[in-house]
Protein chains: 10
Amino acid sequence: MPSPPTKNLETFDNPEPGRDYVIRIRVPEFTCLCPKTGQPDFAELTIEYIPEAKCVELKSLKLYVWSFRDEGGFHEAMTNRILGDLVAATAPRFMRLTADFNVRGGIYTKVIAEHRAPGWQAPPPVQLP
Amino acid sequence: MPSPPTKNLETFDNPEPGRDYVIRIRVPEFTCLCPKTGQPDFAELTIEYIPEAKCVELKSLKLYVWSFRDEGGFHEAMTNRILGDLVAATAPRFMRLTADFNVRGGIYTKVIAEHRAPGWQAPPPVQLP
Amino acid sequence: MPSPPTKNLETFDNPEPGRDYVIRIRVPEFTCLCPKTGQPDFAELTIEYIPEAKCVELKSLKLYVWSFRDEGGFHEAMTNRILGDLVAATAPRFMRLTADFNVRGGIYTKVIAEHRAPGWQAPPPVQLP
Amino acid sequence: MPSPPTKNLETFDNPEPGRDYVIRIRVPEFTCLCPKTGQPDFAELTIEYIPEAKCVELKSLKLYVWSFRDEGGFHEAMTNRILGDLVAATAPRFMRLTADFNVRGGIYTKVIAEHRAPGWQAPPPVQLP
Amino acid sequence: MPSPPTKNLETFDNPEPGRDYVIRIRVPEFTCLCPKTGQPDFAELTIEYIPEAKCVELKSLKLYVWSFRDEGGFHEAMTNRILGDLVAATAPRFMRLTADFNVRGGIYTKVIAEHRAPGWQAPPPVQLP
Amino acid sequence: MPSPPTKNLETFDNPEPGRDYVIRIRVPEFTCLCPKTGQPDFAELTIEYIPEAKCVELKSLKLYVWSFRDEGGFHEAMTNRILGDLVAATAPRFMRLTADFNVRGGIYTKVIAEHRAPGWQAPPPVQLP
Amino acid sequence: MPSPPTKNLETFDNPEPGRDYVIRIRVPEFTCLCPKTGQPDFAELTIEYIPEAKCVELKSLKLYVWSFRDEGGFHEAMTNRILGDLVAATAPRFMRLTADFNVRGGIYTKVIAEHRAPGWQAPPPVQLP
Amino acid sequence: MPSPPTKNLETFDNPEPGRDYVIRIRVPEFTCLCPKTGQPDFAELTIEYIPEAKCVELKSLKLYVWSFRDEGGFHEAMTNRILGDLVAATAPRFMRLTADFNVRGGIYTKVIAEHRAPGWQAPPPVQLP
Amino acid sequence: MPSPPTKNLETFDNPEPGRDYVIRIRVPEFTCLCPKTGQPDFAELTIEYIPEAKCVELKSLKLYVWSFRDEGGFHEAMTNRILGDLVAATAPRFMRLTADFNVRGGIYTKVIAEHRAPGWQAPPPVQLP
Amino acid sequence: MPSPPTKNLETFDNPEPGRDYVIRIRVPEFTCLCPKTGQPDFAELTIEYIPEAKCVELKSLKLYVWSFRDEGGFHEAMTNRILGDLVAATAPRFMRLTADFNVRGGIYTKVIAEHRAPGWQAPPPVQLP
Ligand SMILES: [Ca+2]
Ligand SMILES: [Ca+2]
Ligand SMILES: [Ca+2]
Ligand SMILES: [Ca+2]
Ligand SMILES: [Ca+2]
Ligand SMILES: [Ca+2]
Ligand SMILES: [Ca+2]
Ligand SMILES: [Ca+2]
Ligand SMILES: [Ca+2]
Ligand SMILES: [Ca+2]
Ligand SMILES: [Ca+2]
Ligand SMILES: [Ca+2]
Ligand SMILES: [Ca+2]
Ligand SMILES: [Ca+2]
Ligand SMILES: [Ca+2]
Ligand SMILES: [Ca+2]
């Protein structure tokens, strides 16, 4: 019996908390409803984060994404809300959420929001040629 | 009855003013008139901004873009003018406008202009590998 | 003083009427008005033809395309009408018009119409490996 | 007040019934439910047809596509059923439906079905070099 | 408890046997062993078929593909063998298998094999412009 | 001392006259003058041919292409003239010339012309899957 | 101890002689010498064939390709010669060799040659939509 | 009567001197002569600059580019000379010239040169995610 | 007789220890087992490093990658473990491992982890235009 | 009579020594021998440098690259050696050599090495939006 959609984000223990490493997750199948017209909106989400103690579990993430199928929200608010939920569940060192919405009225919109843990510093990046 | 073209840019309240997040809007359907020959010019606009108190409303943006259909202007002046209008309407922390004009005489031209609110500092970027 | 938009398609004599050769013209800058909403529509036109006695002159084609800037019409009717005008002006052996309209309501539409001169037969194509 | 999803496909009169011309419609935003698991499926639909007396109206097509949001069905059956509905509404000379489903279990699936009106013959194609 | 790899290909009834429609399945994750060296080989399989009475069930196909993980075989023989198994399970009107093997020794190899049911004729293709 | 531009196309003996094989030559660096304005035009030429007794020598082809640098001509006439020169020099079984001119006035133009030797028949193409 | 370059093409028995199936081999690393200047030439070879009794063995093919490293030859002659060697070794039902030579003097050249066994007929291709 | 090629670069007043904005111009149709062989060279130029008091006028730029059609010069010297001319005409805050020359002898060459006005500092770039 | 899979990573002496240079290795053929379901997982690995005294030997790397074919592990743990093995074998100045896993459940995952030798500083990068 | 391969790199005087400008040279046709097996290796070289008093002459570079055709060497050593030769010949302010080797054993390898003249500082890069 399959799992129903849920706002419950499950986590597991970060297997390498000693390292600032990156997990990048791409979800091309996000859909919600336009709060003005009630019609479907579509977007591709990208989650990039450096975990602290917890990593987001992918199956629960899929059910979480599914749970927006019958909810409405403006692009800017929806993106910040999802970032907030993911941060609440995992308390990461750093997290960036990119929501790339499909064209409407000839206009393409993307919203990108970030969270940084207080006191956390990004390690100086090594730029290889 | 549809809305007519208008220079009136409407806004709504930034739902997450506590965060420096990015809204990126791509408008492939900009057309105006060449001030020298009166013939149509075409461009793709990209607006990238970090909102302060207000976000630009997308339907009014579409009507605003439409309002240039019968106006003329040089590439450099047009780009700076549109940036000025968007800044006047939204008073953002940061805004960049890129106007990518179609080829004329075998030459491709792009103009990119930015506005930074006085006293605003870009947060140090996190460059993930 | 530049030329105004016009429905007048000018032609010149086909320099090689003894051959069934192909002229393919791509016009990425077509814009007209939606007959329902009055708002701008955008499309890319592709004209492919085998001339008989006349070829279409490119500058007059540009002015002809421009002349639709303030006219309305449904995609299917507009495409057939433009093909009709081009056929009336040049009486080609064969002509195909492809109109690739920009996305509206999440839906992309393309209309393709052809004219064949009565009695004209396409030469058997040589398919090279 | 926006229109609700509906199975009602509206049509308008073919403006050029004397010609075998092609209308190609791409719908990247189709979503339905998996009949086994109840979880969302996503696909991109492409409709290609040569109209007889009627053309499909695009806004009603959008609402029709939306109406599958809460319905389940296997890929093969779903594709044939949508083709059946479109043929019933428009009685075209020819119609092809391509449904390109998103990857599941590491496997990509596409289903392509066609309808030809009895007695209709495809015009011999002109293959331009 | 997950299903183990198996050579058992399951099928379901073709929902539209009255039509010659196409099912195209892409499997990027095929791996087997080289019969000479015992080292892993990798390929992407593409299955295209027109079903008669039965369609191949996708989950069993995944387990079938998995079952080659510890088997060896030359490219040409492997491709013909998999086509044979799929034909035996589904008895299609037409089936084509393309196996695109990864580069070895600077050489890229692809093998393409087809099965046609005796007496079956491909419907004349409609080539739309 | 380098060779000057010349209209002289040199040839060499076809090393395999028993076979209908194809030679495809792409020349991205063609430039001539616009007969109306005297300004430079640019195009990419593609020559595809099945030789009879002679093949075109590539260095002389380069000098021949160079010889148009200071000549004017309309797209349609220029393409047919170059094809004529190449046919006169090599008397091929089949030759196709494609001239893809750079955009002018927002319009892209391509001209494609073919020559077939009297009595020559294209071998039935083998279309591999 | 590695194998030296050799003109010896080895073969193995076609595992499925009852079927007209296709083997397509791409060799991006062909190099020989220019017969005029003695300088290196580079090309990418593509071999496509339908085997009769024998298939070409890939390791010997690699050594065969290597054997041209110090030999000179014109593009057209070289392509026909390699096709001849491959046909002599495998006696296929059909074989096509494409040699895509790197640009020289601003000119790109490709040569394509085919062999068909006497009496062999290509099976009518099934063109799937 | 069209304008002849000329070394005269015309300018117009920068419409927004209060801002450090960017103008990027791409010229795919540059051709000159090789100083060694006298044969044509081809390159694509890209000009990127931040204007001070003057902007380069595009029609005069086209005639300026044309003026090199019969002149010779080595890649490195030619690029620095054109940059020098553009700087002399416009006295920009910053200018970068990229010249991407077509392949010769199997070797692709690009030359990139920059000018910075004494005392001018690049504004710290805002890197948006 | 070919070599079996092994966890043994062999090395050779860095031929240029005086320089901070980069070796970038891409391995598209990594496969392991999902620890939850036992089913195969696929990923593409990219290893980028600046060697100290030792470089990783490529043949042993291939056998090392092969050794995961029958092992299970979560994406995050697997990536950190492989990085750990490579660091243990080569003690590099810097190493980054990127593991790009194939889509599962409509979700794409990538994990990127880095090691820096204590006291090592990245040389300031030279960013060429 | 053509020039033979040679290790002699010729130079010419930098025409603009007052500027830190960049010359980027791409050589897709590098081939040498594998020191273990004696079989051919292939790579694409990219040379990027800021000249001091001398620039490398392109024809001699071609002959230099050719001179490796019969020499063996490991990827890491070969790249550092070629960089050393180029630095010895031109004594540049900065030079980077990238060697992108063709796939072997399913593994792609790239080696990147840099030279900086003692005391030379890269000018702070201007990053244009
Ligand atoms: Ca999508
Ligand atoms: Ca999208
Ligand atoms: Ca554009
Ligand atoms: Ca389009
Ligand atoms: Ca467009
Ligand atoms: Ca898809
Ligand atoms: Ca693959
Ligand atoms: Ca592949
Ligand atoms: Ca070009
Ligand atoms: Ca072009
Ligand atoms: Ca290559
Ligand atoms: Ca090539
Ligand atoms: Ca180029
Ligand atoms: Ca992959
Ligand atoms: Ca992937
Ligand atoms: Ca490569």
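This is a predicted model: local features need pLDDT of at least 70, side-chain atom pairs count only at pLDDT 80 or more; totals for chains, interfaces and linings use all residues.
Residues are numbered from 1 along each chain as its sequence is written, chains are lettered from A and ligands numbered from 1 in the order in which they are written, and side-chain values use heavy atoms, with hydrogens and water left out.

Let us stay with His75(A), which sits in helix 2 (residues 75-90) of chain A. Helices (H or I, at least four residues) and strands (E, at least two) are DSSP runs, numbered from the N terminus. Not counting residues up to four places away in sequence, His75(A) touches Asp41(A), Phe101(A), Thr109(A) and Val111(A), where contact means heavy atoms within 4.5 Å. Glu76(A) is also found in helix 2 of chain A, and its relative accessibility of 5% makes Glu76(A) count as buried. With residues up to four places away again left out, Glu76(A) touches Val111(A) in its own chain and, in chain B, Phe12(B), Pro15(B), Tyr21(B), Ile23(B) and Cys55(B).

Both residues carry an annotation. An unreviewed UniProt entry places the feature "binding site" at Val56(A), Glu57(A), Leu58(A), His75(A) and Glu76(A). These positions span 21 residues in sequence, and their farthest two C-alpha atoms are 25.1 Å apart, so they do not all gather at one spot. UniProt positions are given in the numbering used here, feature names are shortened, and annotations may be inferred rather than shown by experiment.

The unreviewed entry in UniProt also has the annotation "active site", covering Cys34(A) and Asp41(A). Cys34(A) lies in the loop between strand 2 (22-33) and strand 3 (40-50) of chain A, and with a relative accessible area of 19% Cys34(A) is buried. Beyond four places in sequence, Cys34(A) touches Gln39(A) and Asp41(A). Asp41(A) itself belongs to strand 3 of chain A and is buried too, at a relative accessible area of 7%. Leaving aside neighbours within four places in sequence, the contacts of Asp41(A) include Cys34(A), His75(A) and Arg104(A).

For another view of helix 2, turn to chain H. Thr79(H) is found in helix 2 (residues 75-90) of that chain and counts as buried, at 1% relative accessibility. A polar atom of the side chain of Thr79(H) lies 2.8 Å from the backbone oxygen of His75(H). Apart from neighbours within four places in sequence, Thr79(H) is in contact with Leu97(H), Ala99(H), Phe101(H) and Val111(H).

Now to the arrangement of the chains. A rotation of 72° with 0.0 Å of shift along its axis superposes chain I on chain J, with an RMSD of 0.0 Å. That is the relation of a five-fold axis. Copies are superposed by least squares on the C-alpha atoms of residues with pLDDT of at least 70 in both. Of the residues of chain I, Gln127(I) comes closest to the rotation axis, its C-alpha being at 8.2 Å. Chain I can likewise be laid on chain A by a turn of 72° and a shift of 0.0 Å along the axis, with an RMSD of 0.0 Å.

How do chain I and chain A meet? Only 15% of the interface residues of chain I are also interface residues in chain A, so the copies meet through different surfaces. On the two sides, 27 residues of chain I are in contact with 25 residues of chain A. The area buried between them is about 2,200 Å², of which carbon and sulfur atoms give 58%; buried area is the accessible area (1.4 Å probe) that two parts lose on being put together, summed over both. In chain I, Glu76(I), Ile107(I) and Tyr108(I) lose the most area to chain A, together 26% of what that side buries.

This interface has 1 salt bridge, namely a side-chain nitrogen of Lys or Arg within 4 Å of a carboxyl oxygen of Asp or Glu. Lys36(I) forms the salt bridge with Glu57(A), the closest N and O atoms being 3.0 Å apart. The largest share of the side of chain I that touches chain A, 10 residues, comes from strand 6 of chain I.

Other chain pairs stay apart. Chain C and chain I do not touch, their nearest C-alpha atoms being 21 Å apart, and chain F and chain J do not touch either, with their nearest C-alpha atoms 13 Å apart.

How values were computed:
Buried means under 20% relative accessible area, exposed over 50%, partly exposed in between (1.4 Å probe, protein chains only). A polar contact is a pair of N or O atoms within 3.5 Å; within protein, one must be able to donate a hydrogen and the other to accept it, and residues adjacent in sequence count only if both atoms are side-chain atoms.
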